[in-house]
Amino acid sequence: MSSLPRTVYRPRFDPGLLKTGLLHLGCGSFHRAHQVAATQVAIQHAGEDGLRWGIASATMRRPTLTRQLRRQENCYTLLTREPEGTVASVMAAISEAVFAGDDPGALIGRIADPLVKVVTLTVTASGYHITAEGRLDPDADAIREDLTRPFPLTAPGILVAGLDLVRRRGGVPPVVLSCDNVAENGDTLRQVVMDYAALRGDDALSAWIGAHVVFPNTMVDRITPPFQEADVEDARRLLGGVEDAIPVSAEPWFQWIIQRFDGERPAWEAHPGTRFVRDVGVFERAKLQMLNGTHMILAYAGGLADLPTVADAATDPALGAIATQFMRHEQSAGVDLSDEDLDSYAAGLMTRFRNPGIAHDVERIGRNGSAKMAARVIAPMRENLEAGRPVPGAVLLIACWIRWFALHEQEALEIGLTDPRADALRQICAEARDDHPAQAEAFLAMEEVFGPPLPDHAGQVAAIADMLRRLTDGDVRAVLREVAKARA
């Protein structure tokens, strides 16, 4: 990509000189728009010394992206979608593109490589295979299958196998840095990895991991829409005719909050959106509840109202008003920020959601709801109920989510539905078809999704059942207008 127009941001280092110092599990769009972007800034900031921080980036399920990265010498275009236009930057911090299925043993070996100082992950919440209590689910099919393989394929299994190799060699383990939207993601990942080691019958390894491996908590934030064919044309135009088959789009906003830890690492803080702090908790809770939780109501209500993107849903007068109220007055529960800061953060989030340059499909946001519900929605809902505060937004969100499964079971949902518990949830809807109280009761009884019974549990079942009835019998947009008017 040496003949690029001068207006394109290019790496200020020779990618051919990179050495691998980082391993990443889960090379997808978010990773390429977030950790790679911050690492590229860190490499450039450190000059020659920064060249040791190339990323071996591994796809976990499909080899397509890995193959294309290799064809492009591991370079691609980051398209930053500003409201007034798009900015192109060439990303070149990936030193190796790896597919886990090609040679799982090689990934395990990289974890034990003394040159690899940090292992990062973006495998989504479902990739942790956790229960509502934040422990590894021993009954998850992927985990049960993993334990029978000579080389595991899940992220917990790969980490345990790699850390076991470090221990047997007497080496220093890498820092393991979760970058997923999971509550207390570092602490949760530590527990999951320890549980996996114990599950395979090695309590000594489990204890060693707990004592010797550092799992910092982090909070990541950047809206990254899925790939669209139009991205290729935009990249070609901005690059002056240079072809890129795998550009990635992102919003301008970037945030990476990392719990301070000892050990060698890239100078990530050279990126203006990255901060190292003592306690990630307040940032994490604000993001998980106010951003991610509000994303869920926009997705599930928007999907039912034929609003295909987050921008469409947030711009809709009724749903936008509902989301704003939900974010500020329900989802801020337990977020230890001043009212002024909460107002500013909420207003900024709604501005980001309405960015017309970001085509963030509600179908994608709605994926894996059962793995996200406890931390993003039920935790603040429970806190509000215990304090005697109303929760109409949470009731609407849960009812819309149940309605997705009811329509999918009837083959009447036009958008895709992806969830690790999809079969069980569809079965509930089939057995209790048109019995809204039974549907609400059966869903809320799933403690692996919702945790223990909510305060005023019967009252919440009744409220969700009533909203399900309204969504089923009436026009969804009319229902949203009624809800918005009632909250005004």
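Reader: In which helix is Phe283 found?
Author: This is a predicted model, in which local features need pLDDT of at least 70, side-chain atom pairs count only at pLDDT 80 or more, and totals for chains, interfaces and linings use all residues. Residues are numbered from 1 along each chain as its sequence is written, and side-chain values use heavy atoms, with hydrogens and water left out. Helices (H or I, at least four residues) and strands (E, at least two) are DSSP runs, numbered from the N terminus. Phe283 falls within the run of residues 281-304, which is helix α10.

Reader: Is Phe283 buried or partly exposed?
Author: Buried means under 20% relative accessible area, exposed over 50%, and partly exposed in between (1.4 Å probe, protein chains only). Because its relative accessible area is 23%, Phe283 is partly exposed.

Reader: What distance separates the C-alpha atoms of Phe283 and Ile258?
Author: Phe283 and Ile258 stand 25 residues apart along the chain. Their C-alpha atoms are separated by 10.0 Å.

Reader: Which element gives the most to the lining of the second largest pocket?
Author: On a 1 Å grid over the protein atoms alone, a pocket is an open set of points where a 1.4 Å probe fits, with protein on both sides within 12 Å along at least five of seven lines, and lining residues have an atom within 4 Å of a point. About 740 Å³ of space lies in this pocket, and the closest to its centre among 35 lining residues are Ala132, Ala183, Glu184, Ala374 and Ala375. Two or more residues of the lining come from each of α7 (185-199), α10, α15 (369-386) and α19 (447-450). The largest share, 10 residues, comes from α15.

Reader: What phi does Glu184 have?
Author: Glu184 is in the loop between β7 (175-178) and α7, and its relative accessible area of 47% makes it partly exposed. Most residues other than glycine have a negative phi. Glu184, although not a glycine, has a positive phi of about 45°.

Reader: Which residue is joined to Asp187 by a polar contact of 3.2 Å between side chains?
Author: Asp187 is found in helix α7 and is partly exposed, with a relative accessible area of 32%. Not counting residues up to four places away, Asp187 touches Phe215 and Asn217; the C-alpha atom of Asn217, 30 residues apart along the chain, is 6.6 Å from that of Asp187. The side-chain partner in the polar contact is Arg190.

Reader: With which side chain does the side chain of Thr122 make a polar contact?
Author: Thr122 is in the loop between β6 (118-121) and α5 (141-146) and counts as buried because its relative accessibility is 12%. A polar atom of its side chain lies 2.8 Å from the backbone oxygen of Gly26. Residues that Thr122 touches include Phe30, Gln35, Cys179 and Asp180. At 2.7 Å, its side chain makes a polar contact with the side chain of His24.

Reader: What is the radius of gyration of the protein chain?
Author: The protein chain has 21 helices and 11 strands. Its radius of gyration is close to the 23 Å that the globule rule gives for 488 residues, so the chain is as compact as a globular protein of that length. The radius is taken over C-alpha atoms, and the rule is 2.2 Å times the number of residues to the power 0.38. The value for this chain is 23 Å.

Definitions and conventions
Points joined across faces, edges and corners; volume = space filled by probe spheres on them. Polar contact = N/O pair within 3.5 Å; in protein donor to acceptor, adjacent residues only side chain to side chain. Contact = heavy atoms within 4.5 Å.
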